[in-house]
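Please look over the structure shown here.

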Protein chains: 2
Amino acid sequence: MGGGTVSDASIFDLIIVGGGPGGYNAAERAAAGGLNILVVEKEHLGGVCLNRGCIPTKTLLAAAKHYKIAKDSADFGVNVGDVSMDWKTAFKRKTKTVRALRSGVASKLKKHKVTVVEGEASFIDRSTIDVGGTRYGASKILIATGSRPFIPPIPGAEGPGVLTSREILDIDHIPESLVVIGGGVIGVEFASLFSTLGTTVTVVEMLPEIVPSLDGDVAALLRERLQGEVTFKLGARVEKIDGTTVHFSDAQGGGSVTGEAVLMSVGRRPVTDGMGLEDIGLDIRRGAVVVDEKMRTNLPGIWAAGDCTGKSLLAHSAYRMGEVAVADMLSGGQGRDRMRYDAIPSVVYSLPEAAGVGLREADAEKAGRKVIVKKLPMQYSGRYLAEYGQDPGFGKVVIDAETRALLGVHLAGGQCSEIIWGAGALIEAEFRVDDVRELIFPHPTVSEIVREVIWEF
Amino acid sequence: MGGGTVSDASIFDLIIVGGGPGGYNAAERAAAGGLNILVVEKEHLGGVCLNRGCIPTKTLLAAAKHYKIAKDSADFGVNVGDVSMDWKTAFKRKTKTVRALRSGVASKLKKHKVTVVEGEASFIDRSTIDVGGTRYGASKILIATGSRPFIPPIPGAEGPGVLTSREILDIDHIPESLVVIGGGVIGVEFASLFSTLGTTVTVVEMLPEIVPSLDGDVAALLRERLQGEVTFKLGARVEKIDGTTVHFSDAQGGGSVTGEAVLMSVGRRPVTDGMGLEDIGLDIRRGAVVVDEKMRTNLPGIWAAGDCTGKSLLAHSAYRMGEVAVADMLSGGQGRDRMRYDAIPSVVYSLPEAAGVGLREADAEKAGRKVIVKKLPMQYSGRYLAEYGQDPGFGKVVIDAETRALLGVHLAGGQCSEIIWGAGALIEAEFRVDDVRELIFPHPTVSEIVREVIWEF
């Protein structure tokens with residue numbers, strides 16, 4: 001092999017470029033469907049989510065949660081001595097968790113007889129790629145190249161004191177202070193993590209509110225809950241960074257804040273460059289691969305899934321996009337599966353958590369859609385009261401004013417991340433208020449807040 | 001008033017006998033529907049669940065969870081000094097939580113202009129009751145009198161060292177040792193609570209496995225997880241109790257076990273006696289009020305809901321039964337609501353938790369129904385691994401072999417109590433495997449285990 005020819009051995013039914021959530025999950029599904037598959041991964045199977053995103057942050061957040069619970073246990077009658085955090089142990093546990101999951105992905109692919117090669121793919125033509133001098137061919141290609149942190153063109157943004165989510169996950173100690181540029185999901189999770197562990201955290205956000213992907217009330221409550229531990233500079237535009245001093249302008253005349261480190265978390269951008277994608281005629285707009293609802297690109301035989309499409313940059317969206325693409329491949333374009341974006345849950349794993357799915361109140365207003373919105377404090381749930389006492393939190397439900405169909409569910413407080421999936425199912429199943437009323441929710445659970453709000457309509 | 005006549009002031013549209021989950025919730029719904037309502041409660045609004053059941057146990061279990069997390073935090077890098085439990089504080093917190101919820105129920109009823117009288121009701125005729133000498137009349141009556149702990153006819157069972165769930169919730173210290181008779185939900189929750197706090201606990205259970213309401217695999221895993229902290233005597237029949245020594249017979253020739261206290265938790269029985277229910281001609285069988293799927297009794301104008309019906313002795317079932325009864329009343333018998341028992345979630349709030357909804361593998365076998373069952377360890381969820389590491393747990397799904405409709409979901413490990421509601425919704429909505437595959441579960445969550453198992457079919 002090598003040197004420009006495609007031998008028989010390097011011909012596959014499907015080549016997947018990228019071994020992250022958009023890729024490895026699709027590989028499993030396609031292998032189960034009988035395809036002979038090559039996955040090309042440039043770094044680690046599992047992608048950013050598993051190796052440098054969701055999983056390591058959630059492992060560290062689990063440690064922070066243990067720390068917080070240990071410290072705040074006196075109300076429950078639990079007395080502890082001095083509580084301290086040993087970052088090295090937490091860090092090792094993170095590494096161990098990531099490795100376990102990564103080897104889980106590898107063994108699943110192996111079980112499905114998927115071939116994995118390490119390296120960077122470049123496109124030779126619409127059915128041939130090159131990886132480190134070896135060529136591989138397939139009649140079907142799935143592009144799942146993911147995304148990378150966006151570094152805005154701000155003076156000093158590329159300096160050594162400015163970390164992205166990638167580098168901060170490798171930090172070998174708990175910083176004394178941290179400036180977070182960008183109050184989106186990633187910024188807020190790190191702000192919550194480090195402020196819980198004693199770091200002085202300042203979040204500088206250009207918009208008037210944090211986490212714009214959340215319902216406005218949920219975002220506001222999250223900010224109020226974190227305030228005190230975290231300082232928020234909202235409506236603040238970063239003008240330049242001097243080492244680890246962030247200078248910003250705002251309506252109050254601006255200012256600056258210095259931290260031991262600066263985290264740049266203003267968003268992520270699709271990875272579509274340096275692979276020759278444009279050379280083979282692939283339609284790329286604003287750096288993202290253009291796809292239809294079947295995850296087809298403009299080129300027959302080439303699909304795309306995950307962050308590289310620029311739509312819904314979430315691991316679980318990537319999973320589903322990959323599945324939709326595979327369903328389209330396996331059905332010869334005749335399947336019913338299509339990618340829908342109206343019931344994709346969104347979770348912030350801060351302490352406390354926030355979660356939402358479906359239409360938000362602001363979306364409805366913007367679209368001029370007639371909805372009814374009801375909201376109740378989490379204390380309507382006896383379980384919440386038993387576990388979290390008077391900690392603020394709420395459940396909020398949006399329904400269609402006419403059909404009374406459930407359109408959105410938004411939760412703040414406690415561990416609502418594990419509750420939200422059911423709300424997504426209700427929205428997908430087009431449940432109306434009366435249908436939800438017939439459901440039996442286990443008592444006492446925090447999930448009952450959904451039921452409580454539903455009875456308010 | 002009083003003295004046998006019914007004045008205008010004491011005529012209501014609906015009298016509800018019992019202010020527990022079957023009663024107070026129905027009162028709210030019926031009041032929202034325009035009815036003028038009297039609730040008669042002999043002790044505390046909220047019933048056993050709120051005052052002497054679910055809520056106080058969950059509050060104490062929340063304290064035990066804090067204690068356990070504080071003690072087990074070293075793996076996460078959290079170092080604590082000596083951890084100790086101050087029962088008095090935990091106890092006060094329990095009392096405070098119960099009071100907050102009870103006053104919440106009272107204020108909801110007040111808001112709905114529901115009249116509440118304290119006392120024991122007795123039936124004068126099919127539309128008249130007496131409470132402490134005052135008579136009240138209504139064309140509609142809902143019986144929601146609940147249940148009480150069952151004391152089996154075992155010598156010594158009524159002795160002062162033998163507590164029921166009612167008395168043990170008032171215990172003023174953590175006992176050194178405890179013998180639990182009955183390994184059902186209540187027995188196992190108390191066993192988990194006290195063993196976590198250092199009590200030497202022995203559970204004596206007549207059946208070969210604990211918690212028969214759970215899926216067999218889930219129950220077995222729960223037992224294995226608790227074993228070590230809790231000693232289980234299975235297949236052991238209690239013959240007599242001497243003070244706090246429990247004598248039992250089993251296949252190994254029997255034995256005895258002594259504790260500082262004995263908890264009798266072999267089940268609960270409907271409360272239907274001493275109210276003259278039989279005198280007015282109400283159909284009562286095996287101590288339970290007989291009802292149809294609309295919660296109607298044999299007597300027109302009289303409905304029953306909750307534990308007193310002897311069906312599904314769970315607060316959340318009682319809620320729904322009350323709602324079905326009210327829907328029948330308000331629709332003049334023309335409504336579509338009926339009580340269904342096939343998607344009632346069942347949760348054990350032990351540490352770790354167990355939860356299930358719908359058909360169990362054993363049910364299918366018994367009914368000769370063709371099903372397919374798949375099961376995966378919880379470690380397939382990255383979030384579970386991040387939060388619980390290698391703690392054993394699993395997800396198990398039962399589908400119909402022919403239609404591939406989802407019939408049952410059973411979970412063990414972590415905090416699965418908050419996940420199970422969504423599975424109930426899927427079963428009610430008659431989702432099939434392919435429908436569940438189209439749902440987008442938030443990543444990373446433990447709830448994804450449902451999705452993982454679904455892809456195994």
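Predicted model: local features only at pLDDT ≥ 70, side-chain atom pairs only at ≥ 80, totals over all residues.

After α4(B) comes K113(B), which has a positive phi near 55°.

The next topic is the contact between the chains. Chain A and chain B each give 69 residues to the contact. On the side of chain B that touches chain A, the elements that give two or more residues include α4 (87-111), α8 (315-330) and α11 (420-428) of chain B. The largest share of that side comes from α3(B), with 10 residues. By class, the side of chain B that touches chain A has 38 nonpolar, 19 polar and 12 charged residues.

Strands also pair across the two chains. Strand β3 (residues 78-79) of chain A pairs with β4(B) in the antiparallel sense, over two bridges. V78(A) has M85(B) as its bridge partner in β4(B).

Chain A itself is divided into domain 1 (8-149 + 269-330), domain 2 (162-266) and domain 3 (352-454). Taken over C-alpha atoms, the centres of domain 1 and domain 2 of chain A are separated by 27 Å. Their contact takes 12 residues from domain 1 of chain A and 11 residues from domain 2 of chain A. Helix α3 (residues 54-71) of chain A supplies the largest share of the domain 1 side, seven residues. By class, that side has eight nonpolar, two polar and two charged residues.

Key
Residues numbered from 1 in each chain as written. Chains lettered and ligands numbered in written order. Contact = placed C-beta atoms within 7 Å. Helix = DSSP H or I, 4+ residues; strand = E, 2+ residues; numbered from the N terminus. Nonpolar A, V, L, I, M, F, W, Y, C, P; charged D, E, K, R; others polar. Pairing = 2+ DSSP bridges. Domains from an automatic or database assignment.
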